[in-house]
Amino acid sequence: MDAAKNCRKLKAIDEAIGMIKKGSRVLIGGFGNAGDPKKLIEGLCISGTDELVVMSNDLGSPNEGLGKLLSNNQVRGLIGTYYNWNPEVAMAYNEGKIFVELVPQGTFAEAVRAAGVGIPAFYTLSGVGTEIAKGKEEKTFGEKTYLLQEALKADVALIKAHKADVLGNLVYYKTARNFNPVMAMAADLVIAEVDELVPGGELDPESIVTPHIFVDVLVLGGGDR
Amino acid sequence: MLPELNEDLVRSRVARRVAKEFGDGDVVNLGIGIPTLVSDYIPENIRVIFQTENGVIGAGPAPEKPDLRFIGAGGRHLTLLPGSALISSDLSFGLIRGGHVDATVLGALEVNQEGDLANWMVPGKMVPGMGGAMDLVTGARHVIIAMTHTTKKGGAKILKKCTLPLTAKGVVGLIVTEYAVFRIREGKMELVEIAPDVTLEDLKAVTEAEYTVADPLPIMQGTEEE
C-alpha cells in the first residue's frame, strides 16, 4: 500500500506499545463499546506493562476491552466517570488494589481539553454540594458557587479514529468519536489506531477533526464493525 | 388503596407525561431507564432535538440494522435524522454546561422537597460512577425526574431530605411518577397533577416530602390516552 510506505508515523502495534513506560498515566478513548482503540488495548494487555493509571470514561466489561487491563493486574489507578459496566472496578477498589478518582463526565472532558490547550484549572458547577467537592477549592461568581477542577494531563494517549492520512490528520466515525479528539491534545505521546490510512491530500481540510500535529504514531486497526 | 399497575403501564404513563413538557425546537437529553422511552411519545406537532452526551445532536430512533459504533449514552442504537450533527464529548458537555440544552430527563433513587437529587450511588455499593448526571442537572435549563413513585420494596423516594450521596442540590424542577406530577419552585414543592384512582391520602402515604396541593388539581395529562 503506497500510503503506508509514505507514512513516517506508521508503526507496528507492538512497537508502538513498546513506547509506553511502566507507571504511565494513559488516556484511552471510547464510550462503552464505541471508539475505544481495540488493537492498542489488546497490545497493551499482551505487553504486560503495569502500574498504569488509566484515564478513560469507563473500563469496558470484566476481562473484555479495557477491563482486561484490570483483570491482568496492570492498573494502579483509574480516573474516570462511569464504572457500572465493570463490577471488577468496585471489587479491586474495595480490596485496596487500585485507587479510583471519579470525575463527572463533562468535567473529565473539559479537564482533558484544558490540559491540551494550556489551561491549568477551571471552575465548574458540576459536583458542588456533593461528595466529590470534598477537598476542592470553591469560589463564588455572581450568585453561584463553583468548584475548581485541575487539568488532566497524561504521558500517553491511545485513541481511535476512522481514517488518517499519511501525515496523521484524523477523521472519526459517528459516536466512536467521543473523547478521542480531546485526548489527542492532552498527552506527551499520542498513538492513534485507525481503520484506514489514505494518501496525503485525500482528506478534505474542512473535514479534519484532529490536525496531524497532535498525532505522533499511527497504527492500523482491524476496522471495527 | 393505590391502583395496581403493571410495569409496562407505569413506564409508559411516566414517559407519555414527560413527553408533553417540551416546546417545539427544544433540545433534550434523555437518561437511561424510563427516560429513554420519552422519545416514543413526543406529540406529532412538536419537533424535539435529542442530544446524547456522547456526541449526537439530532439523534433518531433505532435502525433496522444496528451500527455498533453509533450508540446513545444508554447504549441504545441510533440513526441520524436530516440535519443532525456529530460532535466530540468535550463540545457535547460544553453545550450542556453552557445552558444550550433545554431539558434533561433522568431517573432518581431519591429526590427531596427542595429539589436535591440523589441518583448515582447505591447504598453499600462503592464506585459505580456518576457519568454525565452531575453535569446534566447543573447545566440543563430544566431538570425533569421520571421515575417510579416508590422503591421496589414500597419505600418513599420523594423525601424531606435525601439520605444517599447527592448528585446536585436544588436542581430538580419537575417530578413525574405513575401516581403524580410535582413541581418544585424556589425550594417549594407542589402537587400539580394526580393520576386517576389515586386519592390525596393514598399519595401522602407513599410521599414523605411536604408539599402543597394545586387548586384545582387536574388529572395527570396523558392518562386519558391509555
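Buried means under 20% relative accessible area, exposed over 50%, and partly exposed in between (1.4 Å probe, protein chains only). The model is predicted: local features need pLDDT of at least 70, side-chain atom pairs count only at pLDDT 80 or more, and totals for chains, interfaces and linings use all residues. Residues are numbered from 1 along each chain as its sequence is written, chains are lettered from A and ligands numbered from 1 in the order in which they are written, and side-chain values use heavy atoms, with hydrogens and water left out.

**View 1. Helix 1 of chain B and its cover.** Helix 1 of chain B spans residues 7-18 (helices, H or I, at least four residues, and strands, E, at least two, are DSSP runs numbered from the N terminus). Its 12 residues reach 17 Å from the first C-alpha to the last, close to the 16 Å expected at 1.5 Å a residue (the expected span is 1.5 Å times one less than the number of residues). Buried residues of this helix are B:V10, B:S12, B:R13, B:V14, B:A15, B:R16, B:R17 and B:V18. Among the elements of chain B that cover them are helix 2 (34-37), strand 5 (103-106), strand 8 (142-146) and strand 12 (188-194). At the start of the helix, a side-chain oxygen of B:N6 comes to within 3.0 Å of the backbone nitrogen of B:D8.

**View 2. Salt bridge of B:R13 and B:E226.** The two side chains meet at 2.7 Å, N to O (a salt bridge is a side-chain nitrogen of Lys or Arg within 4 Å of a carboxyl oxygen of Asp or Glu). This pair links distant parts of the chain, 213 residues apart: B:R13 lies in helix 1 of chain B, and B:E226 in the segment after strand 13 (212-213). B:R13 is buried because its relative accessible area is 6%, whereas B:E226, at 41%, counts as partly exposed. Salt bridges with shared partners also join B:R17, B:E21, B:R183 and B:E193 into one network.

**View 3. The interface of chain A and chain B.** In this interface, 42 residues of chain A are in contact with 36 residues of chain B (contact means heavy atoms within 4.5 Å). About 3300 Å² is buried between the chains, 61% of it on carbon and sulfur atoms (buried area is the accessible area, 1.4 Å probe, that two parts lose on being put together, summed over both). A:F31, A:K174 and A:T175 supply 18% of the area that chain A buries against chain B, more than any other three residues. The count between the two chains is 3 salt bridges, including that of A:D195 with B:R69, whose closest N and O atoms are 3.2 Å apart.

**View 4. A:D195 and A:K160 within chain A.** A:D195 also forms a salt bridge with A:K160 (2.9 Å, N to O). The partners are 35 residues apart, A:D195 in strand 10 (residues 187-198) and A:K160 in strand 8 (residues 154-165) of chain A. A:D195 is buried at 16% relative accessible area, and A:K160 is buried at 2%.

**View 5. A:R113 and A:E110 in helix 6 of chain A.** The closest N and O atoms of this salt bridge are 3.2 Å apart. Both residues lie in helix 6, 3 residues apart, about one turn of the helix. A:R113 counts as partly exposed at 27% relative accessibility, while A:E110, at 15%, counts as buried.

Notes: A polar contact is a pair of N or O atoms within 3.5 Å; within protein, one must be able to donate a hydrogen and the other to accept it, and residues adjacent in sequence count only if both atoms are side-chain atoms.
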